[in-house]
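Hi,

Here is the structure we talked about. Please open it alongside this note; my findings follow below.

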Amino acid sequence: MRVACIGECMVELSERPDGSLARGFGGDTLNTALYLARLGVAVDYVTALGDDVWSDEMAASWGQEGIGLGAVRRMPGRMPGLYIIRTDPAGERSFHYWRDRAAARDLFTGPDAAGTRAALATYDLVYVSGISLSLYGAGGRAALGETLSALRARGGRVAFDTNYRPRGWPDRDEARTTFRAALAQADLIFASVEDLDWLFGETGEDEVLRHRGRAEIVLKASGRSGPVARVLHGASDTAVPAGPVERVVDTTAAGDSFAAGYLAARLAGLAPEAAAGEAHRLAGAVIGHRGAVIPRDAMPAMAFRPPDPAA
C-alpha cells in the first residue's frame, strides 16, 4: 500500500508563556504523515522545498522519521513559509502566517509539475486537506483535481480533511466551491463541525452528509464530556466518543494525529468504529504535550501496533 500526504511544511515559531519563541517545523498534512510513519505506514510527503538550510533541515528530519522523500521537489532560490503559533491558557491555539512566496505553492505549476502529477497518480491512497488546497491557485487546484481523478480511475483512493483556515482564502465563495469539489472526489472524508460551520454556516453538515453511502465519513464534534466522532459508512451511523484525557496542554495537531490514527488503523484492517477509537487514543496523547510532534516515547500503544521498543 503506497500512501502519500500532500501539502506544505513551514518554519514554525511557537510562542512560550514568557514571550520567547521556540523554532520547529510543522504543517497539517506533514504532521499526519509523521504520525502515519510512526504507526508503521509507508508514507511519502508530496511537497516542494527551496535550496536553503531550513529546507535541508526539514527534509533531513522527515527522513529520520521514516517519511519517504522521493516526491519532494526542490526549487532553487525559494524558501519555506513561516508561521507563529500562540496558545491560550485553555490550550487553544491561533496561527499567523507568512507564506506568499513559499515553494510549496507552485507544486502543481511550472515545468516540473508534470513529474509530480505523474508520480502522484501511482499511489494507492492520497491524503489532502483544506489547508493544502488553499496553497494553490485555480490552475494548481485544477491540475491536482485531474491527477486525483486519474488516481481514482485506476483504483486509488482519496482522503480529504476539511481543515479550514479562513485567512488562507481570498473569500469564502472560492473556498466553498473548492471544498464542494474536494468532497465530491473523496472516498474518505474527515470533517469537523466547527470547520463546516465556519465555511458553510447552518448547511455545513449537509454538505458532507450528502456524500453518505458513497464515501466513508468521520464527522468530529465536541460533546459534553469530550470529542465525539460520528462514523458513517454504508448504512451504519455510530457515535464514537473519546476516552478521558488526563490533561490538555496544547491542541496543536489534534486533528492531524486523529486522521493518522484512523488511516493507520483502517489500513491495518480495523473496522471504521474501532479505527475512530484508535484515532482518539493517539490524539489524546498528542494534546497532552506542547507542540505538534510528541516525543517518540510518548506514543501510545495502539490496538493494531504495540509500542516500538527502540523508541
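Contact here means heavy atoms within 4.5 Å. Keep in mind that this is a predicted model.

Start with helices α6 and α7. On that cut-off, Arg-172, Ala-175, Arg-176, Phe-179 and Arg-180 of α6 meet Trp-198, Leu-199 and Phe-200 of α7. By class, the contact has 5 nonpolar residues, 3 charged and no polar ones. Helix α6 covers residues 172–185, and α7 covers residues 193–200. Their axes lie 9 Å apart, at an angle of about 130 degrees. That angle makes α6 oblique to α7.

Next, α9, residues 254–267. At 1.5 Å a residue, its 14 residues should span 20 Å. The end C-alpha atoms are 20 Å apart, which agrees. Of those 14 residues, 10 are buried, so α9 is largely enclosed by the rest of the structure. The buried ones are Asp-256, Ser-257, Phe-258, Ala-259, Ala-260, Gly-261, Tyr-262, Leu-263, Ala-264 and Ala-265. Gly-269 follows α9, and its phi is positive, near 105 degrees.

Now the whole chain. The protein chain has 10 helices and 13 strands. Its C-alpha trace spans about 50 × 50 × 40 Å along the principal axes. A compact globule of 311 residues would have a radius of gyration near 19 Å; this chain has 18 Å, which agrees. Of the 311 residues, 53% count as buried. Take the contacts between residues at least 6 apart in sequence: 69% of them join residues at least 24 apart.

Best wishes

Conventions: Residues numbered from 1 in each chain as written. Predicted model: local features only at pLDDT ≥ 70, side-chain atom pairs only at ≥ 80, totals over all residues. Heavy atoms only, no water. Axes fitted to C-alpha atoms, helices over the stretch in contact; angles between N-to-C directions. Helix = DSSP H or I, 4+ residues; strand = E, 2+ residues; numbered from the N terminus. Parallel < 35°, antiparallel > 145°, perpendicular 65-115°, else oblique. Nonpolar A, V, L, I, M, F, W, Y, C, P; charged D, E, K, R; others polar. Expected span 1.5 Å × (residues − 1). Buried < 20%, exposed > 50% of the residue type's maximum accessible area, 1.4 Å probe, protein only. Rg over C-alpha atoms; globule rule 2.2 N^0.38 Å.
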